[in-house]
Amino acid sequence: MAPPLRKDADEHDETGTRRPSRRSLLAGVAAFGALGAAGCSRVPTAAAGVEGGDLLDRLKAQGVARLGIAGEVPFGYIDTNGELTGEAPELAKVIFKRLGVERVQPVPTEFGSLIPGLGSQQFDVVSAGMYINPERCERVIFSDPDYQMKDAFIVRKGNPKGLHDYADIVEKKAKFATGTGYAEIAYAVEAGYKESDILIVPDQVAGLNAVEAGRADVFAGTALTVREVVKKSAKAEATEPFAPLVDGKPHVDGGGFAFRPTETRLRDAFNAELRKLKESGELFRILGPFGFTRDEMTDMTAKELCRG
């Protein structure tokens, strides 16, 4: 989600001009919307004079952390039973409990509204598997990534056009689709695809529908969301994951949690617990049920990804 936004330009652009990505609200989110909003009282970003912010102390006192989610399976969503789940919320539950915060509460929104919502105190942390890139790092501070991810395509069964990367799409003049604000928009444009020719759809489910119906030859998304959404399709399949080119070099994205820039104490405490989970192997046990593989575990840092 660079030059234009990188993956998430993510897959999305949080300003509303081009919204990052992978996330449109799924069934059940609406039912939780009122809960998320009603349960949130807005609080100052940080107490005056508190070095690194006092949000962690306040969350401990309140006993609850509000998580901004964007209804994207498997990153953060409300399931069919009305329960909060996904790789990021499940990880947040473990880490916040270790930090002395007993529970978490979902605040559903659209992906492009996550960073603005964080800044306006609608929730305490973005817990949506958000890709870490230089543009976003100018607006928020990130935890180190809990996963890394390549791209993949949804194509018709047998991949009749032989589409394996963005250069193939350009060369074969394929009809290209991706999600609202996805970083994949920037990757395709960098490869030479005309942005105005891109079919923009709400999410990966709509992308699958577009390919199955023949409205698009290919839909680009994260390898994980793509391989999950095609599992029950009789007409479409996922390609092998690949690293898109950014400035001519293969680029692998990493996703993490976003915090307000003043809250470095909370971010640092969160990172310390995340490191312990990585070292013990518990992180993979938390993420594995959501389709993550060991190849998607990472030792990259937010600092590296913020440099681009």
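This is a predicted model: local features need pLDDT of at least 70, side-chain atom pairs count only at pLDDT 80 or more; totals for chains, interfaces and linings use all residues.
**Aromatic pairs**

A pair of aromatic rings is described by the distance of the centres and the angle of the planes. Counting rings whose centres lie within 6.5 Å, the model has 14 aromatic pairs. Two of them are set out here.

| Pair | Centre to centre | Angle between planes | Arrangement |
|---|---|---|---|
| Phenylalanine 75 and phenylalanine 292 | 6.1 Å | 85° | edge-to-face |
| Phenylalanine 257 and phenylalanine 270 | 4.7 Å | 50° | tilted |

Phenylalanine 75 sits in the loop between strand 3 (64–69) and strand 4 (77–78), while phenylalanine 292 belongs to the loop between helix 11 (282–287) and helix 12 (302–307), so their pairing ties together parts that are 217 residues apart in sequence. Phenylalanine 75 is buried, at 0% relative accessibility, and phenylalanine 292 is buried too, with a relative accessible area of 3%.

Elsewhere, ring pairs build a cluster out of Phe153, Tyr166, Phe176, Tyr187, Tyr193 and Phe242.

Strand 10 covers residues 151–156, and five of its six residues are buried, so the rest of the structure largely encloses it.

**Threonine 239**

If you follow the chain into the loop between strand 14 (236–238) and strand 15 (245–246), you will find threonine 239. Is threonine 239 buried or exposed? Its relative accessible area is 10%, which is under the 20% limit, so threonine 239 counts as buried. The threonine 239 side chain comes to 2.9 Å from the backbone nitrogen of phenylalanine 153, a residue that also takes part in the ring cluster. Leaving aside residues up to four places away in sequence, threonine 239 touches Ala152, Phe153, Val155, Asn159 and Leu163.

**Helix 7**

Helix 7 (residues 183–191) has Ala183, Glu184, Ile185, Ala186, Tyr187 and Ala188 as its buried residues. Tyr187 is also a member of the ring cluster. Just after helix 7 comes glycine 192, with a positive phi of about 115°.

Terms used: Residues are numbered from 1 along each chain as its sequence is written. Side-chain values use heavy atoms; hydrogens and water are left out. Rings of Phe, Tyr and Trp (its six-membered ring) pair if their centres lie within 6.5 Å; planes under 30 degrees apart count as stacked, over 60 as edge-to-face and the rest as tilted. Helices (H or I, at least four residues) and strands (E, at least two) are DSSP runs, numbered from the N terminus. Buried means under 20% relative accessible area, exposed over 50%, partly exposed in between (1.4 Å probe, protein chains only). A polar contact is a pair of N or O atoms within 3.5 Å; within protein, one must be able to donate a hydrogen and the other to accept it, and residues adjacent in sequence count only if both atoms are side-chain atoms. Contact means heavy atoms within 4.5 Å.
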